[in-house]
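Subject: Structure handover

Hello,

Please find the structure below. Notes on what was found in it follow.

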Amino acid sequence: MTDTVSPSGRGRRLRQRFGYDERNAALFLAPVMVVLMGVAVFPILYSLYLSFFRIKLTRPNQTPFVWFDNYTDLFSNELFWVSVWRTVTFSVVSVSAIAVIALLVSLLLNQEFRGRRVLSTILLIPWAIPYVANALMWKWIYDSGYGALNGLLYQLDFIDKYMIWLGDQDKTIFLIANAFVWKEVPLATILLLVSLKAIPADLYQAARVDGANIWQRFFHITLPAMKPGFMLVMIYETMMAIRHFDLFFILTEGGPGDASHVLSWHIYVETFRNLSFGSGAAMSYVLALVTFALSYIFIRTLGRRI
Amino acid sequence: MARIRFEHVEKKYSNGFHAVKDLNLDIQDKEFIVLLGPSGCGKSTTLNMIAGLEDISDGALRFDDEIVNFAPPHRRDVAMVFQSYALYPHKSVFDNIGFGLKMRKVPRDEIERRVREAAGKLEIDHLLDRRPSQLSGGQRQRVALGRAMVREPAAFLMDEPLSNLDAALRISMRAEIKELHRAMQTTFVYVTHDQAEALTLADRIVVMNDGVVQQIGTPDDIYERPKNTFVASFLGNPPINYIDGQIESTDGSTARFRRGDLAFDLPASIAAKLGSSHGREVRLGIRAEDVDETAAGAAGSVIRGKVNSILPVGSDQFLGFDLAGQELFFRVGKDLAHNLGDDVALSVDLNRLHLFDKDSGETLLW
Ligand SMILES: Nc1ncnc2c1ncn2[C@@H]1O[C@H](COP(=O)(O)OP(=O)(O)O)[C@@H](O)[C@H]1O
Ligand SMILES: [Mg+2]
């Protein structure tokens with residue numbers, strides 16, 4: 001084969017074409033960029049800016065620049081530390097439950113059995129429900145007067161009178177976690193199922209010939225193959241749990257007392273109830289940084305050697 | 001030490017597909033058996049039944065004298081090499097090779113010793129710390145072999161182990177596998193759809209089609225004395241040529257094959273086997289290489305036609321040959337110069353003819 005185009009001529013043509021493509025791309029992307037600037041980049045930067053001022057809407061004329069006071073005040077605020085602790089409890093409980101349940105369900109759905117497709121479809125329903133709808137549904141279920149949970153347990157004779165479930169300081173955070181887990185398990189299951197489906201069948205055959213029993217096959221083949229999917233689930237669900245707001249807003253409003261006063265709720269109260277925008281913005285930044293740091297740690301520890 | 005015997009073995013998959021039908025096969029200890037057949041004919045199914053990876057629907061499978069139909073894979077003392085190699089992606093080469101020993105609770109230093117020994121033989125000792133993803137295809141192949149070797153199994157099962165390698169490597173690995181068999185002194189059952197591999201490696205070849213064994217025999221048996229047209233067609237490159245015709249004038253000592261103008265005087269050795277079969281419809285088989293151009297002459301052994309295509313293949317050339325509308329392929333020396341459209345006469349080696357019953361396709365000769 002002979003190529004009649006000289007290298008330099010071809011290079012020029014490529015460059016021209018590339019330049020043309022880039023200009024076109026920029027043109028098409030511009031509207032999206034403008035919108036993104038307006039709705040994402042600007043608010044992010046503006047809230048950083050706000051976090052250096054003491055802004056209370058109740059005193060709109062006094063907005064002094066206070067350097068890092070909003071941040072330092074935060075760490076001396078007792079309720080802030082309570083909310084951190086509540087968030088940690090909620091996240092650890094939910095994410096572990098999600099990981100374990102999704103693992104079991106994905107292993108189940110990876111088996112061939114009659115009705116597997118129907119079951120998979122039904123399992124997806126919680127995923128399709130919006131967070132607010134999910135929260136309202138669980139508000140009904142947990143209701144002290146007409147809730148399904150009370151009804152069920154009463155009819156089964158587990159309780160002899162209706163309980164005010166969400167009024168119990170010791171149980172609230174776990175009940176909310178339960179509602180959260182119910183909603184999150186389907187997506188986590190699918191993420192794990194994808195890695196399960198990708199395992200070649202002959203690996204298991206090879207391991208059987210090598211003398212590995214069912215547990216050894218699970219630990220030497222299945223688990224390592226699920227690691228990337230597992231990491232994804234941990235990161236994603238941790239970020240969702242740390243920042244979760246809807247359930248706390250609809251079910252308990254942080255109560256009873258401060259039993260479900262998580263960080264996101266704390267930020268909401270500070271910003272929109274106390275109308276203290278500066279410190280609210282500062283807290284949001286703390287939350288964002290924590291989320292960021294956690295994902296980094298996950299990727300570094302779990303992500304190694306994948 | 002394993003003699004492996006199939007006695008009337010059937011395999012029906014759960015969807016009702018009948019993959020292996022009435023399989024009878026006696027594999028001797030230390031024998032190199034090759035299961036040969038087209039894709040989907042049931043070779044892997046058969047191998048998996050030996051390994052214990054597939055249930056046996058009916059019949060008996062014996063290792064030595066013991067029936068092992070229900071023995072799980074790890075009780076059968078077999079090792080297997082898969083077409084995809086099936087290396088554990090998250091384990092190092094060392095751990096891949098040693099996995100079977102570890103599962104069998106072999107002491108650590110013993111594992112260490114045997115893995116290093118096998119790796120040394122396969123010349124992959126410098127790769128022991130790598131992961132499969134960091135190896136070339138040929139290196140993965142060797143790891144897969146090593147994983148089977150260290151087990152020192154009673155039987156070595158291989159399912160198309162070379163089919164993912166490039167052509168040159170495939171041929172050099174054939175030699176290595178043959179050497180491995182010699183060194184290991186153990187039973188090998190090897191699955192392939194590649195006739196050349198089968199002919200090179202096997203002590204005996206089992207030709208299968210549609211789940212049915214067509215013929216069992218040495219490479220020489222299979223190639224020189226095919227039992228039916230399927231076996232005859234499956235081996236040989238280019239494939240054997242068939243000409244349908246009739247047997248004439250048989251008195252037990254002379255016989256003639258005729259189709260129209262074409263006639264072959266069959267040698268006495270063949271005629272003797274035909275007995276009195278005057279007028280019988282037969283299918284004559286001529287292997288592509290069993291013709292000679294230079295010796296053209298003797299009537300009753302010549303086939304005439306027009307050159308349709310010429311395919312040089314390095315050492316030889318394939319001649320596409322038009323015989324009254326039927327396309328035949330012959331393999332001739334490349335010094336023979338022909339042009340497309342030339343009329344040529346080729347003399348056929350009559351002693352190497354094959355004759356099959358036209359309807360059943362079964363051989364009439366052996
Ligand atoms: N698990 C299975 N269920 C149903 N049919 C199968 C299964 N595995 C293989 N088969 C069928 O059995 C036949 C033989 O398969 P196989 O032994 O893998 O052929 P090959 O000779 O190519 O190795 C094929 O037609 C295949 O489609
Ligand atoms: Mg196969």
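**Helix packing in chain B**

The crossing of H4(B) and H5(B) is right-handed, meaning that the near helix is turned clockwise from the far one by less than a right angle. Helices here are DSSP runs (H or I, at least four residues), numbered from the N terminus. This is a predicted model, in which local features need pLDDT of at least 70 and side-chain atom pairs pLDDT 80 or more, while totals for chains, interfaces and linings use all residues. Residues are numbered from 1 along each chain as its sequence is written, chains are lettered from A and ligands numbered from 1 in the order written, and side-chain values use heavy atoms, without hydrogens and water.

H4 covers residues 137-149 of chain B and H5 residues 167-184; their axes (lines fitted to C-alpha atoms over the stretch in contact) come within 12 Å and cross at roughly 15°. The two helices are therefore roughly parallel (angles under 35 degrees, between N-to-C directions on a scale from 0 to 180).

Contact means heavy atoms within 4.5 Å. H4(B) contributes B:Gly138, B:Gln141, B:Arg142, B:Leu145 and B:Met149, and H5(B) contributes B:Leu169, B:Met173, B:Glu176, B:Leu180 and B:Met184.

**Domains in chain A**

Chain A is divided into domain 1 (7-50) and domain 2 (69-302), with bounds from an automatic or database domain assignment. Their centres, taken over C-alpha atoms, are 37 Å apart. Five residues of domain 1 of chain A are in contact with five of domain 2.

Regards

Terms used
Angles under 35 degrees count as roughly parallel, over 145 as roughly antiparallel, 65 to 115 as roughly perpendicular and the rest as oblique.
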